[in-house]
Amino acid sequence: MRLPFLISVTFLFCAFTTTPSSARAYDKHAFVAADEQAKVVFIQNQKVDRKMTFIVFASDKRCIAEVGGREAQVLPVDPKPLVFYATGYNKTQRIEIYPEAGRTYFVRLHTVEKTIGPAPEVTLVRRASEEHRLLRFWLDEAFVTHSIGDDKCYGKPLKERKNRTQRRINEGNADWKSGGDAYRDKYTLIERDGLTAEDLELF
């Protein structure tokens, strides 16, 4: 049985051009979490998505991070359960993460091709999975940025109507409730899915 969630965070996917300002990386040391904290890294790496920006915002409708281009955006978090909502093209996806102190969790933001065109998707990097194996490739040539250092986004009110954001949250919750155990498992990261400093040294 899952623990009650203490934090609710939301994603808004919207399309506009962005250029990461931080130095080019793949600096794996930037991903290492402090002993008393955890980290969540949002990866956007597909060339086809280079004109998209993924905006991460909290349940209080304030911006947390903007992720675009070939970027790995690092967000430090307290080791408490998280709920995320990912929205794009009028589709909302709820995500749950159970972070543990000293571990880093990776979330890939990208598009998949559908019959009606590209659609945004969230892929969670779960330990011992195909996504885990591909993580090194997804991070290759990424720009590492830090959400808290972005004074144009972090902590700022989200630039959309609050009732629209609430509709997104309601949609994500409804799909989560009706999706079944397999659906919820696909969009959940548990404690052991996080990578330790020792794990990251192997990259």
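Q: Which residue in β8 is the bridge partner of Lys39?
A: Thr104 is the bridge partner of Lys39. Keep in mind that this is a predicted model: local features need pLDDT of at least 70, side-chain atom pairs count only at pLDDT 80 or more, and totals for chains, interfaces and linings use all residues. Residues are numbered from 1 along each chain as its sequence is written, and side-chain values use heavy atoms, with hydrogens and water left out.

Q: OK, and how many bridges join β2 to β8?
A: Five, between β2 (residues 38-44) and β8 (residues 104-114), and the two run parallel. Strands here are DSSP runs of E, at least two residues, and helices are runs of H or I, at least four, numbered from the N terminus. Two strands pair if DSSP finds at least two bridges between them.

Q: What's the strand order in the sheet?
A: β9-β8-β2-β5-β10, an open sheet with mixed pairing. β9 (117-124) and β10 (143-146) each have a single partner strand, so one side of each has no neighbour in the sheet.

Q: Switching to aromatics: how many pairs are there?
A: Four, counting rings of Phe, Tyr and Trp (its six-membered ring) with centres within 6.5 Å; planes under 30 degrees apart are stacked, over 60 edge-to-face, the rest tilted. Phe31 and Phe106 are edge-to-face because their planes are at 85 degrees, with centres 5.7 Å apart. Phe31 sits in the loop between β1 (7-15) and β2, and Phe106 in β8, 75 residues apart.

Q: Are those two buried or exposed?
A: Phe31 and Phe106 are both buried (under 20% relative accessible area; exposed is over 50%, partly exposed in between, with a 1.4 Å probe and protein chains only).
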